[in-house]
Amino acid sequence: MDLKKIFLRDACPTSIGGQAVLEGIMMKGPDRSAVAVRQPNGNIHMKVEPLKDRSRWFKIPIIRGVFIFVDALVTGTRTLLYSAEVLENAEGASGEAVEKDKMTIWLEKKFGEKGALNVMLYMSVVLAILLTVGIFIVVPTVVTHLFQHVTTNPVWLNLFEGVLRIVLFIIYIAIVSKMPDIQTTFRYHGAEHRCIHCFENNLELTPENCQKFESLHPRCGTSFLMFVMVIALLVFSLLGWPDFLFRVLSRIIFIPLIAGLSYELLRWAGKSTSPIVKVVSIPGLALQNLTTMDPNEKHLEVAIAAMKAVLDTDKPKSYIVELDPQGNPLPEITEEEGAEGAETPAGEAAAETEAPASGNLTEEKDAE
């Protein structure tokens with residue numbers, strides 16, 4: 001890990017951030033977001049949407065970190081579900097049978113297709129929160145409780161709990177990183193970082209230029225999570241070692257404060273190249289070695305397509321467009337070609353929208 005290649009002296013930090021999704025990348029700029037997904041046929045499906053105006057709570061230090069974290073969690077889950085839907089539709093269009101599970105069928109009958117998607121979205125968010133609280137808050141404090149017969153020193157008990165929480169998280173990441181689909185997602189994560197590095201260094205957005213940079217970035221959601229765990233260790237140490245129930249409740253109650261402090265630290269890390277920032281960023285960057293992998297040209301093409309979309313200077317509007325494998329707009333079919341029985345191109349759906357002629361995080365990058 002060469003910090004000089006990560007904290008680049010001549011870089012101009014940007015507010016653009018992103019997230020890896022299934023076979024693609026979501027980029028979020030100052031006024032719009034773009035989701036680019038590589039389809040089985042090689043083409044890139046892209047959806048662009050304007051961002052809603054944020055409330056004043058998103059501008060208050062520390063408090064804004066809580067709102068941005070929740071917004072990133074909901075948006076990230078929605079984007080993941082959308083990328084899965086794109087791939088599912090692509091498989092269906094290719095003639096492959098796509099079977100819906102019984103739960104999805106029941107939800108669509110009960111709430112309609114769009115309503116079912118929203119229900120699954122919020123169910124996913126709630127489940128993610130419950131699992132996170134259970135695995136990374138309840139389990140460490142329960143295990144540490146068993147060690148009270150070894151020591152009753154609150155400093156050592158809190159230290160052990162905090163270290164155990166970090167170890168469990170690293171083990172979890174290490175296990176899921178062995179899955180082929182997750183490895184692909186981690187390559188898109190690396191492509192997102194390299195593309196942002198390239199843009200922040202004022203180079204033309206090409207796969208060749210992006211490959212010159214590191215896959216690690218100081219303004220990454222993985223680093224945010226590491227900040228959360230380290231700050232949690234420090235904050236909880238100030239509370240001593242109360243009884244079990246109060247200990248669990250205090251861990252949950254203080255999550256918003258810890259998330260807010262972690263976000264401010266992440267913002268600082270994204271703007272500064274001071275020695276202090278480099279030191280405090282090392283644990284998060286080390287963890288990124290597990291959540292990012294070296295991308296190839298195909299991954300970078302998707303990242304560049306999404307980046308160019310959020311850099312568009314036209315007034316933000318919603319549209320869906322089909323791009324070729326290199327991220328260039330596909331030619332629209334004409335009425336004469338259609339009358340002659342020409343084969344419908346994959347990008348015909350794009351002709352029905354007001355897509356721009358080119359394929360062209362958020363105050364700071366949100367948690368990925």
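Predicted model: local features only at pLDDT ≥ 70, side-chain atom pairs only at ≥ 80, totals over all residues.
Asn-158, Leu-159, Gly-162, Val-163, Arg-165, Ile-166 and Phe-169 of helix H4 are in contact with Leu-225, Met-226, Met-229, Val-230, Leu-233, Phe-236 and Ser-237 of helix H7.

The crossing of H4 past H7 is right-handed.

I turn now to the sheet. Strands of a sheet pair through backbone hydrogen bonds, in either a parallel or an antiparallel manner. The sheet in this model is open, with 5 strands in the order E1-E2-E3-E4-E5 and antiparallel pairing. Its edge strands are E1, residues 17-21, and E5, each of which pairs on one side only. On average, neighbouring strands of the sheet are turned by 15° against each other, direction ignored.

Let us follow E4 through its two pairings. With E3 it pairs in the antiparallel sense over 7 bridges; Ser-33 has Glu-49 of E4 as its bridge partner, and Arg-32 stands opposite Pro-50 in E4. The hairpin of E3 and E4 has 5 residues between the strands, and in this hairpin Gly-42 takes a positive phi near 95°. E4 and E5 also run antiparallel, joined by 5 bridges, and the bridge partner of Val-48 in E5 is Tyr-319.

Which strands does helix H11 lie across? H11 lies across E2, E3, E4 and E5, and runs at about 155° to E3.

This brings us to the largest nonpolar core, which has 30 residues; Met-27, Met-46, Cys-195 and Met-307 touch the most other members. The elements giving two or more residues to this core are strands E2 (24-28), E3 (32-38), E4 (44-50) and E5 (319-323), together with helices H5 (180-200) and H11 (297-310). H11 supplies the largest share, 9 residues.

Finally, I draw your attention to one residue of helix H2, which spans residues 63-93: Thr-79. Is Thr-79 buried or exposed? Its relative accessibility is 8%, so Thr-79 counts as buried, the limit being under 20%. Leaving aside residues up to four places away in sequence, Thr-79 touches Val-21, Met-26 and Val-35.

Terms used. Residues numbered from 1 in each chain as written. Heavy atoms only, no water. Core = buried A, V, L, I, M, F, W, Y, C linked by side-chain atoms within 4.5 Å. Buried < 20%, exposed > 50% of the residue type's maximum accessible area, 1.4 Å probe, protein only. Helix = DSSP H or I, 4+ residues; strand = E, 2+ residues; numbered from the N terminus. Pairing = 2+ DSSP bridges. Left-handed = near helix turned anticlockwise from the far one by under 90°. Contact = heavy atoms within 4.5 Å. Axes fitted to C-alpha atoms, helices over the stretch in contact; angles between N-to-C directions.
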